[in-house]
Amino acid sequence: MSAMLRFLPLSVALLLSAPSLAQPPAPAELARCTAIADPAERLACFDALAQPATPAPPAADPEPVKEPAAASVPAPEPTGVAPAAPPRQAVAPAPVDLDEQRYGIERFGAESLPPTAEQRTTPASIESRLKGEFTGWVEDTVFELENGQAWQCRKCRSVYHRAESPRVTIRRSFTGVYWLKVDGLNQQAKVHRIR
């Protein structure tokens, strides 16, 4: 009991110095708690005194200041016709030539193998005409044909010959080399297709 009384002034001092209390407990209340014999009840009494007073409800937020309304612009009268949306342009994917793709995959790396039966049925030569004026060829000359193909010289010696849209024949040799011959010329150009 004497030990409890020794800590009583300290407890009272702590209660009085608590910043959360709005006002210190009255001396009569402290005396009432001190007079309780049961330690648990006495502690509960001091704890009740130490509880802060119920905080006041927060002040209501002030009404927001309403800005004066801007001068309203009258809406256009409905015409009954909705404005036309800009047309969407659909982009179609580029068509894929499945036969060409399949052929390319099947022949990948097989250039040195003997040709298949299907390849043997392809023509050994084609005929067309050159577009526009022809003046001969030099190394890297590109030949534009009327059928849409384009062929380029490979290691060609220079040749001069003038003609307007001459007929040409391109043939494939048994070794797989393509030769271009222009009507009226005895020389041939070793070519490869670029388009």
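Tyrosine 178 counts as partly exposed, at 28% relative accessibility. The model is predicted. Tyrosine 178 pairs with tryptophan 151, and the aromatic pair is tilted. Tryptophan 151 counts as buried, at 5% relative accessibility.

**Aromatic pairs**

- The count of aromatic pairs comes to four.
- In the pair of tryptophan 151 and tyrosine 178, the rings lie 5.3 Å centre to centre, with 55° between the planes.
- This pair links distant parts of the chain. Tryptophan 151 is in strand β4, and tyrosine 178 is in strand β7 (residues 178-182). The two are 27 residues apart.
- Buried means under 20% relative accessible area, so tryptophan 151 falls in that class. Tyrosine 178 lies between the 20% and 50% limits and is therefore partly exposed.
- Tryptophan 137 and phenylalanine 143 form another aromatic pair, this one edge-to-face. Their rings lie 6.0 Å centre to centre, and the planes are 75° apart.
- Tryptophan 137 and phenylalanine 143 are both buried.

**Glutamine 152 in strand β4**

- Strand β4 spans residues 150-153 and holds glutamine 152.
- Glutamine 152 has a relative accessible area of 18%. The limit for buried is under 20%, so glutamine 152 is buried.
- A polar atom of the glutamine 152 side chain lies 3.2 Å from the backbone oxygen of aspartate 140.

**Helices α2 and α3**

- Two packed helices are described by the angle and the distance between their axes.
- Helix α2 covers residues 27-34, and helix α3 covers residues 39-50. Their axes come within 8 Å and cross at roughly 160°.
- Angles over 145 degrees count as roughly antiparallel, and α2 and α3 are therefore roughly antiparallel to each other.
- From α2, the contact is made by Glu29, Leu30, Arg32, Cys33 and Thr34. From α3, Arg42, Cys45, Phe46 and Leu49 take part.
- The residues of this contact divide into five nonpolar, one polar and three charged.

Key: Residues are numbered from 1 along each chain as its sequence is written. This is a predicted model: local features need pLDDT of at least 70, side-chain atom pairs count only at pLDDT 80 or more; totals for chains, interfaces and linings use all residues. Side-chain values use heavy atoms; hydrogens and water are left out. Axes are lines fitted to C-alpha atoms, for helices over the stretch in contact, and angles run from 0 to 180 degrees between N-to-C directions. Helices (H or I, at least four residues) and strands (E, at least two) are DSSP runs, numbered from the N terminus. Angles under 35 degrees count as roughly parallel, over 145 as roughly antiparallel, 65 to 115 as roughly perpendicular and the rest as oblique. Contact means heavy atoms within 4.5 Å. Ala, Val, Leu, Ile, Met, Phe, Trp, Tyr, Cys and Pro count as nonpolar, Asp, Glu, Lys and Arg as charged, and the others, Gly among them, as polar. Buried means under 20% relative accessible area, exposed over 50%, partly exposed in between (1.4 Å probe, protein chains only). A polar contact is a pair of N or O atoms within 3.5 Å; within protein, one must be able to donate a hydrogen and the other to accept it, and residues adjacent in sequence count only if both atoms are side-chain atoms. Rings of Phe, Tyr and Trp (its six-membered ring) pair if their centres lie within 6.5 Å; planes under 30 degrees apart count as stacked, over 60 as edge-to-face and the rest as tilted.
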